[in-house]
Amino acid sequence: MSALDELRRLRRDSTTDRKRDNKAAFWFLLPWFAGLVIITLGPVAASFGLGFTEYNLIQPPEFIGLDNFTRVFSDERLHNALGVTFTYVLVSVPLQLAFALGVAMLLDRGLRGLAFYRSAFYLPSLLGSSVAIAVLWTQIFGADGLVNRVLGFFGIEGKGWISDPDTALSTLIVLNVWTFGAPMIIFLAGLRQIPGVYYEAAAIDGVRGWSRFRHITLPLLSPIIFFNLVLQIIHAFQSFTQAFVVSNGTGGPSDSTMFYTLYLYQQGFSRFDMGYAAALAWFLLLIIGAFTAINFWAAKYWVFYDD
Amino acid sequence: MTTELPHPIRYRGRLSAFAKHAGLVLLGFVMLYPVLWMVVSSLRPDDEIFRSPGLLLESLRTENYAGGWNALTPAFGTYLVNSTIVVLGCIIGNLVSCSMAAYAFARLEFSGKRWWFGIMLGTIMLPIHVIIVPQYILFSQLDWVNTVLPLIVPKFLATDAFFIFLMVQFIRGLPRELDEAARIDGCGHPRIFLRIILPLMKPALATTTIFTFIWTWNDFFSQLIYLTDPEMYTVPVALRSFVDATVSTSWGSMFAMNVVSLVPIFLAFLIGQRYLVRGITTTGGK
C-alpha cells in the first residue's frame, strides 16, 4: 500500500471518528445538557421574565412592566441590605485572606507537623456554613455567652453582641474570618510553587523580612491571591445561613444582619412576591458580575504573571 | 542544608522554631475552642453552661442528648434519615452525571466543544439565588415540594459543574495511549469510559463524593425552601426550627443535637482529608 493510500485511509478514519465522537458526545452530555436547559439557563431566562410580573404562586402572573426594577431604586430596606452586604464582603474577605496568607506563610517550608496544623485550621471552613455553628455563634456572642464570660474573667463587662445592631454584623464577620482554612490551603499550594532560588538569591543580597515578602512572595503569589479574592467575594455575596439563623430569619436587630440573599428569601418565600424576588436575583447577578469585572480590570495593575 | 552552623545561630533557629510552633498550636486551639466548648457543654446541665467558659467537665450528663433527640416531633432520627437519603441521592447523581460530562469534555472531539465548555465553566459562578425562584415554581408545579426530588434530581443532571471541571482536569492527566489502545482493540466510547477511564478516576470520584457529602449535609438554603413539612425536614432545617420552637431555650439539648449533626461532617473530614485538600488545590473549592 502506497503512502498516499495510507494517508487517505487515515483521513477517512478521522472523519468517521469525528462523527462517532459527535454521536458519543451527544449521549455523554445529555444529562448535563438537560440540566443546563431545565435547571439553569431556563430559570435564568424565566427569572428575567418573572421580573416584569407580579406573581404570588396562586393567581397567574400579571405583567406590570418595569415596576419591580424601579422598585429596586426606591426600596429603603433593600438599600440597607446592600449596605450590610457590601460591608460584610469588603471587611470580611480581606481580613479572611490576610489571615489565610499569614498562616500559610507560617506553615510553609519544611515545618514539622504541617498535616496536623493544616487540618486544625481547615476544619472550621467545613463546619462554618452549617446551621449548627450558626446556633453556636448565637450563644457565643449572646448576652450570657462564652465571649462575655471570658471577658468577665478579665473584669471586662460585655454586652449582647448579637442583639446590638452596632455589633451584630461584626459577629458574622468574625465567623467568616474563622473559616480562613480553605483559601489558606490554596495559598499553601501556591507558596510551594515559588522556586527556592529566588529566596536564596535574595538572601545573598541581604534581602529579608518585609522586603523579601514585598518583592518576592507577593508578586509571585499575586495570581493565587487574585484567584482567592474573586472566589471569596462571590462566595461572601451569597452568604445566607449564618444571618438567617443568628437573626431567626428576620435580619435583625434593626435589619443590621439583613444580607441581600436573606432579603431576597423574605420577598420570595415569606411574602411570596415572586416577581420582585426574581428582579432582586437579577440585580444580585449584576452586582456580582460588576464586582468580578472590576476585579479582573484591577488585576492588570497588580497581578504579576511569571511567564 | 545541615552544614554545621556556629552555635548561637543554631540556637536562635531552634528557639524561633519553637516559638512558631507554640504560636501555631495556640492559634489552632483558639480556633477550635468554640467547637470543643460546645461538645463539652452538650454534656453539662444548663446552669453550668452559663457559668463555665472552661473545658473541664464536673459531671457527665447525657440527658441533653435524650432531651434534644425527642424535643421535636418527629424525633431527631427522622431528620438524620432524611438527610442521609438526600446526601446519598446527591452523591450518586453527581458521580454519574458529572463523570459522563467530564469524559466528553476531556476526551471527545465534538463540534462546538470550546463553546460548551465555556458555558459549563460560566455556570460554576452562577449564584443559586438567580435561579431559585423559577426553579421553585417549576418544582411546585410538578408537585415536588416537600419531597427530596428538587434536591436530588438536579444532581443527576450535572448541575454541579464544579465537579465536571474537577473531573475534566483529572482525566486530562491520564495517558491517552490507554484509550487509544482500547480503541484499536475495538472498544467504543461507552466501554472505554466504563472499563478504562472510570476505574482510573477513583481519586477524582472520591473527592467528588466527600465534597458532595459535606456540602449537601450542610446545605440549608434549598432544603429550607423545599422541605416545609416536619416529616420531611433534614438535619439543618430541623436544627433551625429547634431554635425557633424552644422559647425557654435549652442550650444543653441544642448543643447536643448540634454535635450529632456535626459528627458526620467530622468523620467525612477524617476519612477524606487527602481528597479534600487535593480538590481544593486543583479547583479552589469553598
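Because the model is predicted, local features need pLDDT of at least 70 and side-chain atom pairs count only at pLDDT 80 or more, whereas totals for chains, interfaces and linings use all residues. Residues are numbered from 1 along each chain as its sequence is written, chains are lettered from A and ligands numbered from 1 in the order in which they are written, and side-chain values use heavy atoms, with hydrogens and water left out.

At the interface, 82 residues of chain A are in contact with 91 residues of chain B, contact being taken as heavy atoms within 4.5 Å. The two chains bury about 7800 Å² between them, 78% of it on carbon and sulfur atoms; buried area here is the accessible area (1.4 Å probe) that two parts lose on being put together, summed over both. Of the area that chain A buries against chain B, 10% is supplied by A:Phe28, A:Trp32 and A:Ile39, more than by any other three residues.

One salt bridge is found across this interface, the term denoting a side-chain nitrogen of Lys or Arg within 4 Å of a carboxyl oxygen of Asp or Glu. It joins the side chains of B:Arg183 and A:Asp21, at 3.9 Å from N to O. On the side of chain A that touches chain B, helix H1 (residues 3-50) gives the most, with 24 residues; helices are DSSP runs (H or I, at least four residues) and strands are likewise DSSP runs (E, at least two), numbered from the N terminus.

Chain B itself contains 14 helices and zero strands. Its radius of gyration, taken over C-alpha atoms, is 25 Å, well over the 19 Å that the globule rule gives for 286 residues, so chain B is more spread out than a compact globule; that rule is 2.2 Å times the number of residues to the power 0.38. The C-alpha atoms of chain B fill a box of roughly 75 × 70 × 35 Å along the principal axes.

Within chain A, A:Gln266 is placed in helix H12 (residues 260-270) and, at 11% relative accessibility, counts as buried, a class defined as under 20% relative accessible area, with exposed over 50% and partly exposed in between (1.4 Å probe, protein chains only). A polar atom of the A:Gln266 side chain lies 2.8 Å from the backbone oxygen of A:Gly249. Leaving aside residues up to four places away in sequence, A:Gln266 touches A:Arg77, A:Gly249, A:Thr250, A:Gly251, A:Met258 and A:Arg271.

How values were computed:
A polar contact is a pair of N or O atoms within 3.5 Å; within protein, one must be able to donate a hydrogen and the other to accept it, and residues adjacent in sequence count only if both atoms are side-chain atoms.
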